[in-house]
Amino acid sequence: MDIKLSKRLETIASLVPKSVVADIGSDHGKLMIELFNSGKITKGYAVENKKGPYTRLVKALEEEGIIDNVIPMLSDGITELLKCVNTVVIAGMGGKAIVNILKKDLSKLENVDTLVIDAHSCLPYLREEVSKIGYQIAEERIIKEDDIFYEIIKFTKSDIAFYSDDDYEFGPILRKEKSALFKEKYQSRIDEIDNLINTKKLPYNRVSILMAEKNKLETILWLKWEKF
C-alpha cells in the first residue's frame, strides 16, 4: 500500500529514534506503517481506545502485512504500555489531555527514554509539565500545514531541566533558532492584535493586555532592532 504522509506526520516520524515505539491514538496507523517501512522500527505498538478507529487500524496493518510487527492494542493511553517500549508518540490531541495521559500512569514511563509530542493546544503547559516528570526538550520543529502552525517536540529523559517562562511559552529551541516560520507565526499574531486595537472598540484593560502581549512578541522576535 502506498502510504502518503502529511507534512505533520513526516515531521513526527523524523524525530522518532530507532527503538520500540508505541503510538498512542494511532488512528489510521500511517505513522507506524511509515516507521516500519523506513526501517526505523522492527517492532511497535499502535494504540487506540475507540472500537471504530481500532477496527480500521487493524485492517490497515493487515493490508500492509505488518500486523505481527506493529501490534494493534485496544487500550486507553499508556495504561497497558509494555516494558519493552522506549519511545512513545502522542499526536493530534490537546496539551492538557496529553499531560493527563502521561501523569495517569507515570510508572509506565520507567523505560521510556523518548517522547515525541504533537499537541494542538496548551503548549506552554505541556512543556512545563512534561519537564517536571523527568524529561528535557531535545528537539523542536515548527511547521505550517493547511494554514495551521504545529509545534512538534521531542523530549528525552533527564534528571533535571531548567527552563524560563519564555522557554515554556515559545520553546527553548524554537525561540533561539527563530526560523522564518516561527517569525511568521508570531508576526501574524502581532498583525491580529493591531487589527483588533485599530478596528474594535475595546475597553481600556483589554487594550492594555493586548499591547503587553504585542510588546512581548516583538521582544521575542527582536523586531525592535531588526526587520525580516
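1. In this predicted model, the axes of helix H4 (residues 95-104) and helix H5 (residues 123-132) come within 8 Å and cross at roughly 15°, where axes are lines fitted to C-alpha atoms over the stretch in contact and angles run from 0 to 180 degrees between N-to-C directions. H4 is therefore roughly parallel to H5, a term that covers angles under 35 degrees. Helices are DSSP runs of H or I with at least four residues, and strands are runs of E with at least two, numbered from the N terminus.

2. Gly95, Lys96, Ile98, Val99, Leu102 and Lys103 of H4 make the contact with Tyr125, Leu126, Glu129 and Val130 of H5, contact meaning heavy atoms within 4.5 Å. By class, 6 nonpolar, 1 polar and 3 charged residues take part in the contact of H4 with H5; Ala, Val, Leu, Ile, Met, Phe, Trp, Tyr, Cys and Pro count as nonpolar, Asp, Glu, Lys and Arg as charged, and the others as polar.

3. The largest pocket holds about 360 Å³ of space, a volume being the space filled by probe spheres set on grid points that are joined across faces, edges and corners. A pocket is an open set of points on a 1 Å grid over the protein atoms alone, where a 1.4 Å probe fits, with protein on both sides within 12 Å along at least five of seven lines, and its lining residues have an atom within 4 Å of a point.

4. Of the 21 residues that line the largest pocket, Ile24, Gly25, Ser26, Glu48 and Met93 lie nearest its centre. Helix H1 (7-15), strand S1 (21-24), strand S2 (44-48) and strand S4 (87-93) are the elements that give two or more residues to this lining, and the largest share, 3 residues, comes from S4. By class, the lining of the largest pocket has 8 nonpolar, 7 polar and 6 charged residues.

5. Residues are numbered from 1 along each chain as its sequence is written, and side-chain values use heavy atoms, with hydrogens and water left out. Because the model is predicted, local features need pLDDT of at least 70 and side-chain atom pairs count only at pLDDT 80 or more, while totals for chains, interfaces and linings use all residues.

Definitions and conventions:
Parallel < 35°, antiparallel > 145°, perpendicular 65-115°, else oblique.
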